[in-house]
Amino acid sequence: MNQYVYDTYVDILKNELVVALGCTEPIAIAYAGAKVREVLGQMPQHIRVACSGNIIKNVKGVTVPNSGGQRGIAVAATLGVVGGDAARQLAVLESITPEHQQAVRELLQRDFCDCDLVEGVANLYILISAVAGQETVEVEIVNYHSNITRITKNGKVVFEKGGANDAQHVPLPDKELLNIGDILEFGKTVNIEDIREVLEKQIECNAAISQEGLAHNWGANVGSTLLADYDTNDPRVRAKAAAAAGSDARMSGCPMPVVINSGSGNQGITVTMPVVEYAKAYGKSHEELLRALAVSNLISLHQKKYIGSLSAYCGAVSAATGSAAAICWIMGGSREEIDDTITNTVGTIGGMVCDGAKASCAAKIAAAVDTSLMAMQMSQRGNVFQPGEGLVKGNVEETIKSIGRMGREGMRSTDVEILNIMLDK
C-alpha cells in the first residue's frame, strides 16, 4: 500500500475518532460559549447565538448533557459560558456542577441569551456574540463541530483559521484518498500500534454507554426492547440492541463520553457496537476486532465525504453500512460480497431522513443495522441490486458517489422543509 495513503488513513482515524460528551451539536454550541467567556475574560451581560438550520434541527429535541434535563440552544450556549472548559473541546461540559445548572436556569429567566436562524451559510454554522460593558467578543464555528474559524474581540480579528495568528493550523487529512479497495487493504496490513489507542478508546467509551442504555431507563428504550422481545441468541438482535441502546442514553442527556465518527456520536456508536457483537459471537481475536473497526470507520467516513457532516440524510445509514461491510470482511467475505453488502444497504435504506437529534435516532439506528445485516446476507447468497435500478451504478464506488449526491444535493430542499415543519413555519 502506498505510504502516503497509509499515513493519510491513520491521520483520518486519529482526526475523526475523538471523544465527545453528549450530542455533538449542543456540545459545539457549548464549546463556542466557553470560548467566548474565555476570550472575554469575564461573565458577559448578554449573548446571541446565530445557527444554521441543521444545528437548530439537531439541538431542538435533545437533552443537553450535564444540564439537569434542560434542552435547547440557549441552554447549551449559556451552560458553556457559565461553566464550560473550552480546553476540553467536545468534552467541554465535563466540569459542570449543579450550581452551574441553577445559574443557567436563572440567567435564562432574565433573557440572557437570544437565538437566531442564519440562512445562506454552511450546514454546520455557529456564531456566538457576547457583550460585557464596552467589551465584545464573537466566536465562529464552521463545517465541523470543534472547528473555530474566527474570533473577534472589540471588532478586531484576534484569531482566524489558517491566518498569521493560527500557530496550531494543520491541514486536515485528504478524505478524497478514501476508496473501498485501499480501505480493505489498510485493514489487512495496518500496524495495529498505529491505530490502537483511538480504536481502544472507541470500544471502551461506546461499549460503556451502550451498556448504560441497556441497563437503565433512557429515551424510548429501543435497545432494551429489542433484547426483551427478540431472540438474544441471535447476534443480529444483539448488534441492533447494542447500537440502539447507546443512542437511547446519549439522546436523553446521559453524560457519558462517546468516540464519534463523522462528527456524530450516534454514528460512532453504530460503526462500533455491531462489529463488537459479531466479533464476540464468532470468537474473533482482539486484533481482528481492531482491524474490522478500522474498516468500519473508514467506510462510513468514505460515504460521508460526499454527503457532508449535516444533511437531511440520516448518518446512521452510512455508519451501519460501514459496520456491516466490516462484519462481512471479518467473517471472511470476498471483495465482491463486501461491495454488494454496501450496494444492497444504500440501495434499500439510503435516504432515510434526519429530522434532528432525539430519542427516535435509536430506532433509526436499529433499522439501519437491521437493513445492513440483511444486505450482507443477500450478498452472501449472491444477490445484489443491479446497475440501473434506482441509484445503483456499475460499481460500488459509483454507487456510493450517486447516493452521496442524492444526500447532499437532492435532499437539500427536503432539509429546508423539515426545518420549516419543526419550526411550525
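1. His 302 is a residue of helix 11, which spans residues 286–307. The structure discussed here is a predicted model. The relative accessibility of His 302 is 0%, and His 302 therefore counts as buried, the limit for that class being under 20%. Its side chain makes a polar contact of 3.2 Å with the side chain of Lys 305. Leaving aside residues up to four places away in sequence, His 302 touches Leu 178, Asn 179, Ile 180, Ile 183, Glu 397 and Ile 400.

2. Strand 4 covers residues 125–132 and strand 5 covers residues 135–142; the two pair in the antiparallel sense over eight bridges. One example is Leu 127, whose bridge partner in strand 5 is Glu 140. Two residues stand between strand 4 and strand 5 in the hairpin that they form. In the turn of this hairpin, Gly 133 has a positive phi of about 60°.

3. Strand 5 also pairs on with strand 6, residues 148–153, through five bridges, and these two strands run antiparallel. Here Val 139 stands opposite Ile 151 in strand 6. Strand 5 and strand 6 form a hairpin as well, with five residues between them. Asn 143, in the turn, has a positive phi of about 80°.

4. How many of the 11 residues of helix 4 are buried? The count is 11 of the 11, so helix 4 (residues 73–83) is largely enclosed by the rest of the structure. The buried residues include Ile 73 at one end of the list and Gly 83 at the other, with Thr 78 also among them. The elements that cover the buried residues of helix 4 include helix 2 (24–40), strand 2 (46–51), helix 3 (53–59), helix 5 (98–109), strand 3 (113–117) and strand 4.

5. Gly 33 gives a detailed view of helix 2, in which it is found. Its relative accessibility is 0%, so Gly 33 counts as buried. Not counting residues up to four places away in sequence, Gly 33 touches Ala 77, Gly 80, Val 81 and Ile 128. Of these, Ala 77, Gly 80 and Val 81 are among the buried residues of helix 4. The C-alpha atom of Gly 33 is separated by 8.7 Å from that of Ile 47, and the two residues are 14 residues apart along the chain.

6. A search of the whole structure finds 21 salt bridges. One of them joins the side chains of Glu 38 and Lys 35, at 2.9 Å from N to O. Both residues lie in helix 2, three residues apart, about one turn of the helix. An α-helix has 3.6 residues a turn, so residues three or four places apart point the same way. Are the two partners buried or exposed? Glu 38 counts as partly exposed because its relative accessibility is 46%, whereas Lys 35 is buried, with a relative accessible area of 16%.

7. Arg 196 takes part in two of the salt bridges described here. With Glu 193, the closest N and O atoms are 2.8 Å apart. With Glu 200, the side chains meet at 3.3 Å, N to O. Glu 200 and Arg 196 both lie in helix 7 (residues 196–215), four residues apart, about one turn of the helix. At 52% relative accessibility, Glu 193 counts as exposed. Arg 196 is partly exposed, with a relative accessible area of 28%, and Glu 200 is partly exposed, with a value of 26%. Elsewhere, Arg 48, Asp 114 and Asp 116 are linked in a network of salt bridges.

8. The structure holds two cavities of 30 Å³ or more, and the largest cavity contains about 320 Å³ of space. Its lining is made up of 29 residues, of which Asn 58, Ser 264, Gln 267, Gly 315 and Cys 354 lie nearest its centre. Helix 2, helix 9 (235–251), helix 10 (265–281), helix 12 (315–330) and helix 14 (361–380) are the elements that give two or more residues to this lining. Which element supplies the largest share of the lining? That element is helix 14, with three residues.

How values were computed. Residues numbered from 1 in each chain as written. Predicted model: local features only at pLDDT ≥ 70, side-chain atom pairs only at ≥ 80, totals over all residues. Heavy atoms only, no water. Buried < 20%, exposed > 50% of the residue type's maximum accessible area, 1.4 Å probe, protein only. Polar contact = N/O pair within 3.5 Å; in protein donor to acceptor, adjacent residues only side chain to side chain. Contact = heavy atoms within 4.5 Å. Pairing = 2+ DSSP bridges. Salt bridge = Lys/Arg side-chain N within 4 Å of Asp/Glu carboxyl O. 1 Å grid on protein atoms, 1.4 Å probe; cavity = no way out; pocket = protein on both sides within 12 Å on 5 of 7 lines; lining within 4 Å. Points joined across faces, edges and corners; volume = space filled by probe spheres on them.
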